[in-house]
Amino acid sequence: MFEHLTQAIVLNVKPHGEQDLFVDLYTKNLGRVSARVRGGRKILSKLASHFSVLNLVIVRLVQKSNFTVADVLIEDRFLALKKNNREYNRAKDLI
C-alpha cells in the first residue's frame, strides 16, 4: 500500500454505485489518475463538495490495486473562470 500527497485538477466526476464516486484527476506527480471516493455521494459527505470540475485540490491518494481518495483540500476554485460561461465551457471541452 502506497500513499501519495499531490496537487491535482479535477477533470471529471462520475457516480459509481449508490454512494461512491469516481474522479479523474490530473496530478502534478502522477499524471492522469482515476480514483474512487468512498461515500462521496452521501448527503453528509465531507469530500463531495471538493470534487467539482476544474477545481485545484491537494489530494491524498492511497494506492493498493487502484487509487482511493483519503483526504482532499481545495486550493483554488477558479470562480472567475466558472462565472464566465463561454470560457468555462471552452475549458471543459479541452478536457
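In which sense, parallel or antiparallel, do strand 3 and strand 5 pair, and over how many bridges? In this predicted model, in which local features need pLDDT of at least 70, side-chain atom pairs count only at pLDDT 80 or more, and totals for chains, interfaces and linings use all residues, strand 3 and strand 5 (residues 67–76) pair in the parallel sense over 2 bridges, pairing being assigned if DSSP finds at least two bridges between two strands. Residues are numbered from 1 along each chain as its sequence is written, and side-chain values use heavy atoms, with hydrogens and water left out. Ala 35 stands opposite Phe 67 of strand 5.

The protein chain contains 2 helices and 5 strands, which are DSSP runs (helices H or I, at least four residues; strands E, at least two) numbered from the N terminus, and the elements follow the pattern β-β-β-β-β-α-α along the sequence. Strand 2 (residues 20–27) runs antiparallel to strand 3 (residues 31–37), to which 7 bridges join it, and a hairpin connects strand 2 to strand 3 through 3 residues. Within this pairing, Val 33 in strand 3 is the bridge partner of Leu 25.

Along its principal axes, the C-alpha trace of the protein chain spans about 40 × 30 × 20 Å. Buried residues (under 20% relative accessible area, with a 1.4 Å probe and protein chains only) make up 36% of the 95 residues. Among contacts (heavy atoms within 4.5 Å) between residues at least 6 apart in sequence, 44% join residues at least 24 apart.

Notes. Buried < 20%, exposed > 50% of the residue type's maximum accessible area, 1.4 Å probe, protein only.
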